[in-house]
Amino acid sequence: MEQEKTFEEQLEAAENKIKDSQENLGDVEVRDAMLEKASLQQKYNKYEDAIKTYIDTLPKSVGIGKKMDVHFLILQIYLKQRNLEKFKEHLNQQQILLDQGGDWERKNRLKVYEGIYCLMIRDITKACKLFLDSVATFNSSEIISYNEVVSYTVLTSIICLDRQSLKKKVHQNPEVVGVLRENQVLKSFLESFLQCDYKTLFQKFAIVNENLSHDQYLSIHRKYLIREYRVVFYSQFLESYKTVTLNNMAKAFGVSVQFIDRELSELISSRRINCKIDKVAGIIESSRADDRNQLYNNLIKQGDYLLNRVQKLSRLTDL
């Protein structure tokens, strides 16, 4: 059996091919040879050398599409290194190229790359929008599977979308439905939320919580995400009631009264949920947001601020 060549031997052969192409062939062949060298360096984890070689191919990359392809290769390395600063820098360069006349295929690929970046920096709302746009046009299997994109779409949409949009854009989306047949936990998580089956929802929520702790992009944001899910779940439940007992809410979620009391108290104190608890009567009183009242209260506050400024100015004038 022929022994596999060492990295050094393969690199020497790649460099000889580049030299031969430069002397006897054209820029297209030189670029292809340089890309082979960069791919070899990347394969052997010589990432900095690979990035330099990829960048050297850019002047010989004719056309916006070819240049974008090189930047995608560089983005893959920075994603593996979790170098967010450089990843963002090349995303920006991709956007500039795209604005100059990039095609739809590369535009759709870029959405997935940007969506992953948004996950890593915890911009969940933007990630949700990008993944929703990518579900029907996915073509970025080099960095993420289609099933993963759909999973991130569901996980972010539950937090970011209103109930009607969640039903229309996610639950009734044929692409999402097809993938969720293979992921019963996520399917049940989504459907139990939409059906207000809070006991099942919390059972699946525990599994989702565990899965998030092992997710390559979301594990560092797990505590934040779990908190946001709790806000969404409890808010949806309380929307149906002016008042409800702690006991009834605890039964609906399949947890103890003490657990619900502790959870709500924490979220009320941080002003994430509009309600108050009467612990003597064991009742939760929901304070529904009223846009007209909120506008009125804001107007009063702004009026008070303006009056205070006028009074201060009048005192200065009197002096």
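What follows is a short exchange on the pockets and the cavity of this predicted model.

Local features need pLDDT of at least 70, and side-chain atom pairs count only at pLDDT 80 or more, while totals for chains, interfaces and linings use all residues. Residues are numbered from 1 along each chain as its sequence is written, and side-chain values use heavy atoms, without hydrogens or water.

Me: What makes a residue part of the lining of the largest pocket?
Reply: A lining residue has an atom within 4 Å of a point. The largest pocket has 21 of them. Val232, Ser235, Gln236, Glu239 and Asn274 lie nearest its centre.

Me: How do you know which helix gives the most to the lining of the largest pocket?
Reply: Helices are DSSP runs (H or I, at least four residues), numbered from the N terminus. H8 (146–160), H9 (163–171) and H13 (222–239) each supply at least two lining residues. H13 gives the most, with five residues.

Me: What makes residues of this lining nonpolar, polar or charged?
Reply: Ala, Val, Leu, Ile, Met, Phe, Trp, Tyr, Cys and Pro count as nonpolar; Asp, Glu, Lys and Arg count as charged; the others, Gly among them, are polar. The lining of the largest pocket therefore divides into 10 nonpolar, five polar and six charged residues.

Me: What makes up the second largest pocket?
Reply: Its lining has 13 residues, around about 270 Å³ of space. Ser151, Leu155, Asn183, Asn211 and Asp215 lie nearest the centre. H8, H11 (184–194) and H12 (198–212) each supply at least two residues. H8 has the largest share, five. By class, six are nonpolar, five polar and two charged.

Me: Why is the space lined by Leu119 and Tyr229, among others, called a cavity?
Reply: A cavity is a set of points where a 1.4 Å probe fits but cannot get out. The search finds one of 30 Å³ or more. The largest cavity has a volume of about 30 Å³.

Me: Which residues line the largest cavity, and how do they divide by class?
Reply: Leu119, Ile124, Leu155, Thr156, Ile159, Leu218, Leu225 and Tyr229 line it. Seven are nonpolar, one is polar and none is charged. H8 gives the most, three residues.

Methods: 1 Å grid on protein atoms, 1.4 Å probe; cavity = no way out; pocket = protein on both sides within 12 Å on 5 of 7 lines; lining within 4 Å. Points joined across faces, edges and corners; volume = space filled by probe spheres on them.
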